[in-house]
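Reader: I'd like a close look at one part of this model: the place where the two chains meet. Could you walk me through what is there, piece by piece?

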There are 2 protein chains.
Amino acid sequence: MTTHTIPTVDTVAWRDDAVRLIDQTLLPTEFTYIDCRTVEQVWEAIKSLRVRGAPAIGVAAAYGVVRAVWNNNAATSDALIKSLEKAADYLATSRPTAVNLFWALDRMRRVAREHVALAPDALKLRLLDEAVEIHEEDDRLCHAIGEHGATLIQDGDGVLTHCNAGGLATSGYGTALAVMFTAHAQGKRIHVYSDETRPLLQGARLTTWELMRAGIETTLICDSVAAQVMREGRIQRVVTGADRIAANGDSANKIGTYMLAVLAKAHGIPFYIAAPTSTLDMSLDNGGLIPIEERAAEEVTEGFGRRTAPEGVNVYAPAFDVTPAELITAIITEKGVHRPPYRKSFLA
Amino acid sequence: MTTHTIPTVDTVAWRDDAVRLIDQTLLPTEFTYIDCRTVEQVWEAIKSLRVRGAPAIGVAAAYGVVRAVWNNNAATSDALIKSLEKAADYLATSRPTAVNLFWALDRMRRVAREHVALAPDALKLRLLDEAVEIHEEDDRLCHAIGEHGATLIQDGDGVLTHCNAGGLATSGYGTALAVMFTAHAQGKRIHVYSDETRPLLQGARLTTWELMRAGIETTLICDSVAAQVMREGRIQRVVTGADRIAANGDSANKIGTYMLAVLAKAHGIPFYIAAPTSTLDMSLDNGGLIPIEERAAEEVTEGFGRRTAPEGVNVYAPAFDVTPAELITAIITEKGVHRPPYRKSFLA
């Protein structure tokens with residue numbers, strides 16, 4: 001077997017006292033970093049999808065709260081923590097569905113409170129350490145997800161994915177794409193079909209870019225072609241990421257994921273979700289409780305810098321949908337491959 | 001019951017010795033007519049989807065062959081017919097899937113041969129009469145389709161459609177949209193969900209425009225939202241057009257139609273095709289024999305004047321898919337509502 005090295009990307013990083021992000025709205029035609037030096041800039045970057053993908057949003061938010069207090073001259077750590085909590089509350093309003101956002105913010109809040117006895121400057125360094133640890137953990141989790149997930153991929157498989165659950169959605173290696181990167185690195189010949197993923201085309205712009213950089217055979221399709229490539233026998237597995245997973249396994253992910261799950265079932269194709277356990281929200285019994293963000297109509301009607309629908313048209317643009325657990329063949333996390341019933345498997 | 005008048009459009013017409021078309025690639029932001037005075041211009045207009053929709057292509061092609069011989073100074077009608085046949089062969093290469101194109105061209109060829117005894121100028125007028133008759137027939141067929149189809153629509157229905165099977169796809173009233181126009185004119189309150197229909201957004205650009213002009217409640221969705229609106233209970237029927245229907249009822253239509261049919265079945269929603277009988281191709285036993293046009297990769301990667309995928313990416317862009325008859329609840333033609341088994345119903 002030949003093996004391959006997979007190029008990763010610095011999706012989010014702490015550089016020169018700033019939160020450095022790749023501006024993903026400009027990919028693939030421009031590769032540009034932006035340095036966020038205010039919490040408002042981080043909020044805007046998350047809201048506008050300059051940084052996106054549940055794990056990457058979590059890392060960006062963790063660095064964001066560090067940035068929020070970094071130049072704060074509070075006399076006491078208690079005052080510093082009040083400032084941090086305000087910033088965390090604010091960042092939590094940027095995207096409602098990705099649970100990793102809240103998870104990372106809660107972790108930063110907790111660590112701050114646990115270290116209130118430190119002097120303010122020492123506390124800042126401790127918070128930065130924690131954000132770096134969230135970042136590095138995510139990287140390790142992605143590699144573990146890749147290893148577990150690759151056991152499900154066979155030589156010669158056609159694999160369909162949706163949106164971008166790659167290095168750009170995480171700390172650099174991906175969740176759903178980690179499965180493909182790892183299978184490819186193991187020498188398995190795979191052909192990945194990437195849904196373009198309307199309205200913001202993360203599949204066309206980001207996933208194909210990552211797969212091509214990794215030297216994986218890639219074909220871009222419109223979202224409406226998914227059923228056809230399944231019918232033509234080109235697809236042996238579907239693998240996507242998730243933004244939030246309820247205790248019963250119901251999984252919220254980019255709009256169109258539920259469609260793929262229904263189509264996969266109709267064509268007898270296994271459907272997998274790949275996500276770190278930080279995406280699990282055991283406080284939600286089922287997916288009906290996951291709040292679904294609606295995006296602005298303009299993302300659909302003026303998505304290409306040119307108006308492509310009549311003025312005043314009514315638009316329904318949910319950002320996510322929820323795939324019921326019964327349509328999910330397995331959920332791949334850093335702990336392994338979970339099979340139904342998921343509630344039992346998650347608790348084990 | 002209130003009743004409404006539905007505004008129609010002059011999609012294709014013979015004006016000032018030219019084939020006048022609405023340039024549909026510019027809608028909805030610009031409403032512009034183009035006058036085709038050469039057969040090459042008609043070919044280009046069909047190929048580039050300035051005129052599209054199986055019935056409208058048929059009408060445009062019929063006028064196109066008239067235009068091809070209109071200024072021809074052939075001394076004999078036999079020579080004129082040779083010229084007409086050359087033009088018809090050429091126009092037949094513009095789009096491979098829409099059977100109405102071949103049907104209309106064959107009809108013009110046959111009428112020409114039947115009237116070879118006429119003087120060349122008289123033959124030209126006879127050919128124009130035939131093209132006008134094809135045009136007017138199509139208009140009558142659309143109204144009949146609307147009447148038959150509206151019997152399947154109930155007050156309060158949410159109706160999902162794909163691509164544009166409206167007035168812009170026909171001689172002015174539509175096939176799938178004729179069903180909605182007629183139901184609305186009968187006073188039934190309906191809410192139509194229009195898939196945007198990637199890559200060329202005929203749903204976003206054309207269908208919403210027609211529905212809004214007609215005063216029908218309309219919501220635009222991305223193609224990947226179809227499953228979600230079905231799951232949310234917003235959709236009671238799916239109605240689309242067709243570009244070619246095989247003898248067993250298998251129906252080729254815009255890519256994504258097969259997806260809708262699978263999703264409709266999974267959600268227990270009736271799925272209807274509306275098309276004139278000129279769309280039937282009884283020479284094809286089943287849909288596997290329908291040739292499927294592939295479109296250029298740039299329609300996906302640079303659809304709106306801006307590149308949205310990496311250079312060199314592999315793209316699979318079939319223009320159509322084939323929905324198997326077993327997923328089609330009924331096929332609505334000008335003759336009535338056909339139910340399975342379709343072969344028997346079509347022959348009756």
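Author: Let's start with a term. A polar contact here is a pair of N or O atoms within 3.5 Å; within protein, one of them has to be able to donate a hydrogen and the other to accept it, and residues adjacent in sequence count only if both atoms belong to side chains. Keep in mind that this is a predicted model. With that in hand, 14 residue pairs are in polar contact between chain A and chain B, both partners at pLDDT 80 or more.

Now, who sits on chain A's side?

As for the charged part, the count between the chains is two salt bridges. One that can be named is formed by B:Arg198 with A:Glu196, where the closest N and O atoms are 2.6 Å apart.

On to the overall extent. In contact terms, 54 residues of chain A meet 53 residues of chain B. The size of an interface is often given as the accessible area lost when the parts come together. For chains A and B, the area buried between them is about 4,400 Å², with 66% of it on carbon and sulfur atoms. Three residues, A:Ser224, A:Phe304 and A:Tyr316, supply 16% of what chain A buries against chain B, more than any other three residues.

Strand E12 of chain A pairs with strand E6 (residues 217–221) of chain B in the parallel sense, over two bridges. Within this part, A:Val315 stands opposite B:Leu220 in E6 of chain B.

One more stop, at strand E13 of chain A, which is where A:Thr323 is found. Its relative accessible area is 0%, so A:Thr323 counts as buried, the cut-off being under 20%. The side chain of A:Thr323 reaches the backbone nitrogen of A:Tyr258 at 3.4 Å. Leaving aside neighbours within four places in sequence, A:Thr323 is in contact with A:Gly249, A:Asp250, A:Ser251, A:Thr257, A:Tyr258, A:Ala261, A:Phe271 and A:Ile328.

Notes: Residues numbered from 1 in each chain as written. Chains lettered and ligands numbered in written order. Predicted model: local features only at pLDDT ≥ 70, side-chain atom pairs only at ≥ 80, totals over all residues. Heavy atoms only, no water. Contact = heavy atoms within 4.5 Å. Buried area = accessible area lost by both parts, 1.4 Å probe. Salt bridge = Lys/Arg side-chain N within 4 Å of Asp/Glu carboxyl O. Pairing = 2+ DSSP bridges. Helix = DSSP H or I, 4+ residues; strand = E, 2+ residues; numbered from the N terminus. Buried < 20%, exposed > 50% of the residue type's maximum accessible area, 1.4 Å probe, protein only.
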